[in-house]
Amino acid sequence: MPNDAFDRIRTACREVATAARFVRIDEAALTRFAGALDASALRRPAYDTEAHFLGRPDETVAYVVTLDAVNFGSGYFPHLTKRPGRSGYFTIAMALTDRFRESGPLGAAELASITPRACADLFGQSPGDAARAELMSLFARAWNDLGRDLLERFHGSFARLVEAAEGSAARLLGILDAQPFFHDVALYDGREVPFYKRAQILASDLDLALGGEGCGRFGDLDRLTIFADNLVPHVLRVDGVLRFDARLGARIESEELLQPGSREEVEIRACAIDAVERLVERLIARGTRTSARALDVSLWTRGQAPRYKEAAHRHRTRCVYY
């Protein structure tokens, strides 16, 4: 039995990859991909202070926690009113940055009572589109949950929430799991498959934003898996590491929404996690010090290139986990 959250994720995803019917890992392509990876791309990334807020440590903690509570919506992003030249994620992150710079953090009580209309105003989203309105309602629910949790368990303090993890990303996952939208666990053949994408990325983002100090110090960041969303699997698919069943590929190319928690959707995320674990093993075997977290950043950045945006469509799923 796996003994910590990250072992459980890895074990479950390896089991899914073994049983998968719609997605498979091409071992030969994976080996070639590992050999072609530039080690310089696996260095610690910088915190993007143009798009993200950076202030006093307590304000920065509040920003990162508040942002990652709504760090989802990729299945809705085609309907989002975006900032010029910016993706859906950066549109959301930059709008929240503007709010923090102009008015300071949203307090726990404000989050606990915020409405979908207030979210739409904050993020610059006009009414009139059903998908956009649905996403704003989900954002409001996510922030309501966060605000209530802060008030009920942490005296309204973002820092206390993080400090309760005592420097452990694994413990932070357990703390956040009390909030429904952080409970990123699927069922596959009757077995639980945990992903915890946003809870993991919260620990990573706190480390980057705070330089590994204070609330950004976690002793087990090298244990994180990739943050399984719809971009990293897309990069692995375009580069031939992941192979999709022809019918699944056709559905994705036709921009059909995949059902969250469906066999196909779970296999895409789980096989991406397992493929990167295999990449890490190969890179370490050749003497390259790295981690799944470092590879996630590298692959996510790689996915911003025109080649990956133009080569094929990525899968879209409307859920609260990515």
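Biologist: Which residues in H10 do Thr 60, Val 61, Val 64, Val 65, Asp 68 and Ala 69 in H3 meet?

Modeller: This is a predicted model, where local features need pLDDT of at least 70 and side-chain atom pairs count only at pLDDT 80 or more, while totals for chains, interfaces and linings use all residues. Residues are numbered from 1 along each chain as its sequence is written, and side-chain values use heavy atoms, leaving out hydrogens and water. Helices are DSSP runs (H or I, at least four residues), numbered from the N terminus, and contact means heavy atoms within 4.5 Å. On that basis, the H3 residues meet Arg 198, Ile 201, Leu 202, Asp 205, Leu 206 and Ala 209.

Biologist: How is H3 oriented relative to H10, roughly parallel or roughly antiparallel?

Modeller: The axes, lines fitted to C-alpha atoms over the stretch in contact, are compared by angles from 0 to 180 degrees between N-to-C directions. Those of H3 (residues 57–69) and H10 (residues 197–209) come within 10 Å and cross at roughly 155°. Angles over 145 degrees count as roughly antiparallel and those under 35 as roughly parallel, so H3 and H10 are roughly antiparallel.

Biologist: What is the relative accessible area of Arg 316?

Modeller: Arg 316, in the segment after helix H15 (306–311), touches residues including Phe 77, Asn 230 and Glu 256. With a 1.4 Å probe and protein chains only, buried means under 20% relative accessible area, exposed over 50%, and partly exposed in between. Arg 316 is partly exposed because its relative accessible area is 23%.

Biologist: What separates the C-alpha atoms of Arg 316 and Ile 252?

Modeller: Along the chain, Arg 316 and Ile 252 are 64 residues apart.

How values were computed: Helix = DSSP H or I, 4+ residues; strand = E, 2+ residues; numbered from the N terminus. Parallel < 35°, antiparallel > 145°, perpendicular 65-115°, else oblique. Lists of a residue's contacts leave out its neighbours within four places in sequence.
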